[in-house]
Amino acid sequence: SEDVIKTDAVIIGAGPVGLFAVFELGLVDVKAHVIDILDRPGGQCAELYPEKPIYDVPALAIVTGQELTDRLMEQIKPFGAEFHFSERVETLEKTDEGYRLVTDAGTTFECKVVVIAAGGGSFTPKRPPLPGIEQYEGTSVFYSVRKMDAFRDKDVLIVGGGDSALDWTLNLQPVAKSLTLVHRRQEFRAAPASVQKMLELVDSGNISFKLGQVTELHGDNAQLTGVTVKRPDGSTFEQPTEVMLPFFGLTMKLGPVANWGLNLEENLVPVDTEKFETSEKGIFAIGDINAYPGKLKLILSGFHEAALMAQQAHKYVHPDKKLIFQYTTSSSNLQKKLGVK
Ligand code: FAD
């Protein structure tokens, strides 16, 4: 946390709109860092409907949520934005030169402009209804994996049957001292290939799988020593463990955006429709998080908002330079930035 990352722009949210903002800012020479509490890009598209087709993204007659995300990542590659996943922006405050942001991991950013592309709010893990779980959170109970090394040589218990539970079972198995997966049913919602790999690891004795539900936590001083698991037949057993990772899905909550002193209207951030700037100069809001007369919560609206936001952001980052309107088709200057010239 001692190191401060200095950059032109910080984009809060790596949903489709935050991603496209990297592109529009890049064209006007504004460098960006992107932060998202999720462990990968795509926002709602990747988290809520990766396999559902979208039919109203211009020029793509049909594209799934994941495909759109992948294509945006490809399109913004030339601009080399840095991503900070599994981190939530907690504080945003004014400095003499711009803004300072700090995440829940302690990462500190100083920048000239802030782009809030926070969508429906930050994705927040669902907490399992276990008495006293709060006391273990962050020490023995984790809802995401920031650094795999934190679990090296530990007895790890993963709970859940979706993609996150299965992915982390496969990824942490080589690192952990022991790994146990607990799920309440024999059926999994995760990708069949991951389930297959997990079952192979069970067969080879590298992990264990237990059918049941965690009903109680045991330990003291924020250190877990084990959990009680209830089998489908109602009987129980105790499973020793040092660490538990429950993956019970995510919900969207506005989160810290509410504490940044911005005007809010029904949990949305009002902006003007010329620059998509908030009540604070240099703080913009684009995509699902903003509000203005006639707003439609569509991906294509967010893309347009990103383009106009970038025009104004350029003024704050390069106050001495005049922005000349150019087309990507004909400007060799823009094509150089895109790496196609
Ligand atoms: P989001 O996609 O919501 O991304 C915001 C990101 O910001 C999230 O990942 C969140 O974790 C992160 N974040 C928020 N606060 C913080 C913080 N403090 N720190 C770190 N990260 C933070 N739109 C269409 O145009 N066409 C469709 O067909 C369509 N179908 C849809 C179907 C479904 C089922 C759903 C749920 C939505 C659909 N939408 C559709 C809407 C579309 O998904 C949204 O308009 C779009 O995702 C908004 O993009 P965004 O980048 O503004 O926000």
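User: Which residue in β16 is the bridge partner of I158?
Analyst: In this predicted model, local features need pLDDT of at least 70 and side-chain atom pairs count only at pLDDT 80 or more, while totals for chains, interfaces and linings use all residues. Residues are numbered from 1 along each chain as its sequence is written, and side-chain values use heavy atoms, with hydrogens and water left out. Strand β10 (residues 155-159) is joined by 4 bridges to β16, to which it runs parallel; two strands pair if DSSP finds at least two bridges between them, and the elements themselves are DSSP runs numbered from the N terminus, with helices (H or I) of at least four residues and strands (E) of at least two. While V159 stands opposite P246 in β16, the bridge partner of I158 is L245.

User: In the open sheet of 4 strands, what does the twist average from one strand to the next?
Analyst: The sheet has the order β12-β11-β10-β16, with parallel pairing. Its edge strands are β12 (208-211) and β16 (243-246), each of which pairs on one side only. With axes taken as lines fitted to C-alpha atoms (for helices over the stretch in contact) and angles running from 0 to 180 degrees between N-to-C directions, the twist from one strand to the next averages 20°.

User: Which handedness does the β-α-β crossover from β10 through α4 to β11 have?
Analyst: β10 and β11 run parallel and are joined by 5 bridges, and V156 stands opposite L179 in β11. A crossover counts as right-handed if, with the strands pointing away from the viewer, the path from the first strand over the helix to the second runs clockwise. By this rule, the passage from β10 through α4 to β11 is right-handed.

User: Which elements are among those that cover the buried residues of α4?
Analyst: In α4 (residues 163-172), the buried residues are A165, L166, W168, T169, L170 and L172, where buried means under 20% relative accessible area, exposed over 50% and partly exposed in between (1.4 Å probe, protein chains only). Contact means heavy atoms within 4.5 Å, and the elements that cover these buried residues include β10, β11 (178-183), α5 (192-203) and β16.

User: Why is one side of β13 and of β15 left without a neighbour in the sheet?
Analyst: 3 strands form an open antiparallel sheet in the order β13-β14-β15. One side of β13 (213-220) and of β15 (236-240) lacks a neighbour in the sheet because both stand at the edges, each with a single partner strand.

User: Which residue in β15 stands opposite V229?
Analyst: Strand β14 (residues 223-230) runs antiparallel to β15, and 5 bridges join the two. Across this pairing, the residue in β15 that stands opposite V229 is F237.

User: Are the rings of F20 and F23 stacked or edge-to-face?
Analyst: Rings of Phe, Tyr and Trp (its six-membered ring) pair if their centres lie within 6.5 Å, and planes under 30 degrees apart count as stacked, over 60 as edge-to-face and the rest as tilted. Both residues are buried, and they lie in helix α1, 3 residues apart, about one turn of the helix. With 5.4 Å centre to centre and 15° between the planes, the pair of F20 and F23 is stacked.

User: Is Y316 buried or partly exposed?
Analyst: The rings of F284 and Y316 have centres 6.3 Å apart and planes at 55°, so this pair is tilted. F284 in strand β19 (residues 283-285) and Y316 in helix α6 (residues 299-317) are 32 residues apart, so the pair links distant parts of the chain. Whereas F284 is buried at a relative accessible area of 0%, Y316, at 24%, is partly exposed.

User: Where is S86 found, given its positive phi?
Analyst: S86 has a phi near 55°, a positive value in a residue other than glycine. S86 is buried, with a relative accessible area of 6%. Its place is in the loop between β5 (82-85) and β6 (89-94).
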